[in-house]
Amino acid sequence: MKYMRKKSTLIRHKAKCYLRHPPGNEIYRDKDISVFEVDGAKNKVYCQCLCLLSKLFLDHKTLYYDVAPFLFYLLCEADDTGFHVVGYFSKEKVSADNNNLACILTFPQFQRKGYGKFLIALSYELSKHEGKIGSPEKPLSDLGRLSYRSYWTRVLLGILSEHRRPLSVKEIAQMTYIKDEDVIYTLESLKMLRYWKGQKIISATPKLIEMHQQQLRSRQGRARLNPSKLQYTPLAER
């Protein structure tokens, strides 16, 4: 991935280049969907160009040269001609705040297929493998906030419908690897959190849970993460 000044340069490059997938390791494959992990330190130019391309679609995108501290996870559609990048997210190799995502983008022509939620789900699945409760880097963009709230809502409703006993915010965070503050934000948006004598009490009736789940089913995307297809070793264990 590299920008070129002339069309003739691109044609010459395409004739010589034999690579049909992003650099790095393939960590996920399920039918025609794959994910590649690309190290910003090992593939500096590729990651810089990816960030510059992303800047066309993300107003708040500021990082595009200092890519070495980051890992990039590229989501691809595969066909007979190779692997085609449809979106990606980046994350810091070492984060003091346990951020599991720094930047996320689904390219416009591939939106509304569920790829954004797929990438968010993948970021939390990596957190589970690392044994760390994570959260995206904040502040979130308006679109990012909507995507995350949809994902958090789906996960939390699933947990609450499975466990009929009272659960605390801390217990939900440990089950889902979603940070306490994000759990609280989501429950408040669903009007499932009440305050009693200074304590946060989760108030979720089966009827209220089912009502929210029905709303989510009507907006379900096609791409779904299958955790059993993920082959990932945390960076600290390599």
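Hi everyone! Rings of Phe, Tyr and Trp (its six-membered ring) count as a pair if their centres lie within 6.5 Å; planes under 30 degrees apart are called stacked, over 60 edge-to-face, and the rest tilted.

A word on the model. It is predicted, so local features need pLDDT of at least 70 and side-chain atom pairs count only at pLDDT 80 or more, while totals for chains, interfaces and linings use all residues. Residues are numbered from 1 along each chain as its sequence is written, and side-chain values use heavy atoms, with hydrogens and water left out.

So, how many aromatic pairs does a search of the whole structure find? The search gives 8. Take Tyr28 and Phe118: their ring centres are 5.5 Å apart and their planes sit at 75 degrees, so this pair is edge-to-face. The pair links distant parts of the chain, with Tyr28 in strand β1 (residues 25-30) and Phe118 in helix α3, 90 residues apart. Helices (H or I, at least four residues) and strands (E, at least two) are DSSP runs, numbered from the N terminus.

Is Tyr28 buried or exposed? Buried means under 20% relative accessible area, exposed over 50%, and partly exposed in between (1.4 Å probe, protein chains only). Tyr28, at 2% relative accessibility, counts as buried, and Phe118, at 3%, does too.

Next come Tyr148 and Trp152, whose ring centres are 5.2 Å apart with planes at 50 degrees, so that pair is tilted. They are 4 residues apart in helix α4, which means about one helical turn separates them.
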